[in-house]
Amino acid sequence: MTMLQATGLTKTFVTTVPKEGKLKAVRTLFSRERKTVTAVKSLDMRVKEGEFVGFIGPNGAGKSTTIKMLCGILHPSAGEVKIAGLSPQRDRRRVARRIGVVFGQRSQLWWDLPLKDSFDILAAMFRLGAQEKERQLAKLEEVLQLRDFWDTPVRRLSLGQRMRGDLAAALLHDPALLVLDEPTIGMDATAKRQIRDHLKLLNAEFGKTVLLTTHDMDDIETLCERVIVISRGEMLYDGGLAKLRERIGLPTTVRVTFAAETRLAPGMRIGGSLSAASEVRVVDIQGREVAVGCNRAQVGVMEVLRLLSEWGDIADVHVEEPDFEDIVSRIY
Amino acid sequence: MNWLRISWMLYKINVRARMQYRLSFLLTTLLASVVTVAEFLGLAVVLHAFGAIRGWNVWEIGYLYGVLMTAKYLYRGFGSAVNNFEPYLVNGQLDQLLLRPMPLLLSVLTSRTRMIGGELLQSLTVLGVCIGKLLGDGTVGWTAIPATLLIVCTGTVIMFAVGLATAAIGFWTTRTEDLSVLTDNASTTACQLPLSLFPDWLRTLLLAVIPFGFINYVPAMFIVKAEWGWWTIPATAAVAALSMAAALGLWRVGVRKYQSTGT
């Protein structure tokens, strides 16, 4: 069954171009000069019940805007969204009962009150009876272990605890779809791992459909069977993680420090005999330090070093895998 | 009414959250009432010096003041979120409220509470004393009391409607603080005095654009001055209803324009 469907989803923002110089605030206010920014460009996506989908893209790609249209916070400029058959814009309140949303950078909990008070309020808001609420809390307790800290005011919880609280708050009304916007942001490795385990359980054991945006590649790798990549508001890729890897390969930057300056220049290709897919190209030179880019799926680091050593004696080597999202946006 | 119960629950929660910072709460309450008292004393001193302004004596002007301020603080009490709407737009606080299965305006109103006990007591005292005096010297009859209660209600509705319209304009402009200084603070200050003192353009503005004149001046022309007919009361109610309808319409359109904030 289709849980979420977006067709031709588009969002444009109209902003006033700020003026410079004297009285700029007043002149900006009365300025007729407008700039239209397209944040999301006719996006089509479909998520089936029970799926765990990663939604990724560089900063400013339109992820948050898309998410907000999916939950009914923003109204699309064109196109439409259906959550379990309902429009989040026309039927906002009914859709709110069917989805649970967590924004990693913002909490929906009552900051100054103990966690369990937030659950009481939300239960009343979603019209859960006392029994139903207890049953839900017992279920969530199994997955998220909240009781140890639910008498503590939310502002005094650790980031990981707060996120568990926020997850529980989003799940209290037993929504079928869970939308998570960077739930692991700012957490240390242990907390991240914990949250991931919780999310996995929610999907596998409780059958929740999950849509997750994150900048953390480990989140994606451990959780998502499918990824949707967007950049500049457009869909770049929609499919399995393995296939995306295959398409991108393993782009790697090798930094070497030569014993003396070489005749290498930026943009130069080395190892002329190699095919285009496996080219090794100089990306940056700073004195004796030279950075070359290559695709590790095609050409091994040892081979790159062998090629580089033809240009001079190598004193030091450093291999780095660039940020996944950087690569994604660069490749496409 | 289920929503009423939840609103009450949220109100209590807000108060409890507020009480976490008891000292700050006490200080704000104290300061607010000092400001109200000082404000009225200023007005009273001026009036006392002049005796009367264009046929309005101290008690009559005190009546205008009392009605206006009571309406203002009632509005500030339950419409505090609308009155301070800018952070909802600038910080994207509205996002979370849109995810609740409640009518949006109700979510907004219940998301913030300002306790106005002190200020309300001030303005009701002024109003009570002035009505007492006017009853005593026979200026008004007993019917003035239910009529005053009614116009306090319609006045609160007018205040709320103007506040809501100002907040709704924020969906286009994002910033509303400067605008609300004009629509709320300036208009309120002007309406503490009888509108007949003002030049035509200002009077028109306060009757037709920001209808604060209907909070106190127009109905007082019937209740206190008996210069205008009984029609002022239904007219006041009609203005309140119309302003409310217009503000709600603007709000509804505005919500579709909500831009939220980037993360």
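## Two helices of chain A

α4(A) passes α6(A) in a right-handed crossing. The model is a predicted one. The two helices pack at an angle of about 15°, and their axes lie 10 Å apart. That angle makes α4(A) roughly parallel to α6(A), because angles under 35 degrees count as roughly parallel.

Which residues of α4(A) and α6(A) meet? From α4(A) come A:L115, A:F119 and A:L122. From α6(A) come A:G165, A:A168 and A:A169. By class, this contact has 5 nonpolar residues, 1 polar residue and no charged ones.

## Chain A in outline

Chain A has 11 helices and 14 strands. Of its 332 residues, 51% are buried. Contacts also span the sequence. Among those in chain A between residues at least 6 apart, 69% join residues at least 24 apart.

## The six-strand sheet

One open sheet of chain A has 6 strands. Their order is β5-β6-β7-β3-β8-β9, and the pairing is mixed. The edge strands are β5 and β9 (234–240), each pairing on one side only. Neighbouring strands are turned by 15° against each other on average, direction ignored.

Helix α6 (residues 159–171) of chain A lies across β5 and β6 (177–181). The helix runs at about 160° to β5(A). This is the helix that also packs with α4(A).

## Strand β3 inside that sheet

How many residues of strand β3 (residues 52–56) of chain A are buried? The count is 5 of 5, so the strand is mostly covered, with buried meaning under 20% relative accessible area. In a regular strand the side chains alternate between the two faces of the sheet. Here both faces are covered. A:F52, A:G54 and A:I56 are buried on one side. A:V53 and A:F55 are buried on the other.

β3(A) has a parallel partner in strand β7 (residues 209–213) of chain A, joined by 4 bridges. In that pairing A:G54 stands opposite A:L212. Strand β8 (residues 226–231) of chain A also runs parallel to β3(A), again with 4 bridges. There the bridge partner of A:V53 is A:R226.

## A buried threonine

A:T66 sits in helix α2 (residues 63–71) of chain A. Is A:T66 buried or exposed? A:T66 counts as buried because its relative accessibility is 0%.

What does A:T66 touch, leaving out residues up to four places away in sequence? The list is A:L9, A:V40, A:L43, A:M45, A:F55 and A:I230. A:F55 belongs to the covered strand β3(A).

## An arginine that reaches chain B

A:R106 lies in the loop between β5 (99–103) and α4 (115–125) of chain A.

Another residue of chain A gives a distance. A:P183 is 77 residues from A:R106 along the chain, yet their C-alpha atoms are separated by 9.8 Å.

## The five-strand sheet

Another open sheet of chain A has 5 strands, in the order β11-β12-β13-β10-β14. The pairing is antiparallel. β11 (269–270) and β14 (314–320) stand at the edges. Each has a single partner strand, so one side of each is left without a neighbour in the sheet.

Strand β10 (residues 251–258) of chain A is joined to β14(A) by 6 bridges, and the two run antiparallel. A:V254 stands opposite A:V319 in β14(A). Helix α10 (residues 301–309) of chain A packs on the sheet. The helix touches β10, β11, β12 (280–286), β13 (289–295) and β14 of chain A. Its direction makes about 35° with that of β10(A).

## A helix pair in chain B

Helix α3 (residues 58–78) and helix α8 (residues 117–136) of chain B pack at an angle of about 150°, with axes 8 Å apart. That makes α3(B) roughly antiparallel to α8(B). The crossing of α3(B) past α8(B) is left-handed.

Among the residues of α3(B) in the contact are B:W59, B:Y63, B:M69 and B:L74. α8(B) contributes residues including B:L120, B:L127, B:C130 and B:L134. By class, the residues of this contact divide into 15 nonpolar, 4 polar and 3 charged.

How values were computed
Residues numbered from 1 in each chain as written. Chains lettered and ligands numbered in written order. Predicted model: local features only at pLDDT ≥ 70, side-chain atom pairs only at ≥ 80, totals over all residues. Heavy atoms only, no water. Axes fitted to C-alpha atoms, helices over the stretch in contact; angles between N-to-C directions. Parallel < 35°, antiparallel > 145°, perpendicular 65-115°, else oblique. Left-handed = near helix turned anticlockwise from the far one by under 90°. Contact = heavy atoms within 4.5 Å. Nonpolar A, V, L, I, M, F, W, Y, C, P; charged D, E, K, R; others polar. Buried < 20%, exposed > 50% of the residue type's maximum accessible area, 1.4 Å probe, protein only. Pairing = 2+ DSSP bridges.
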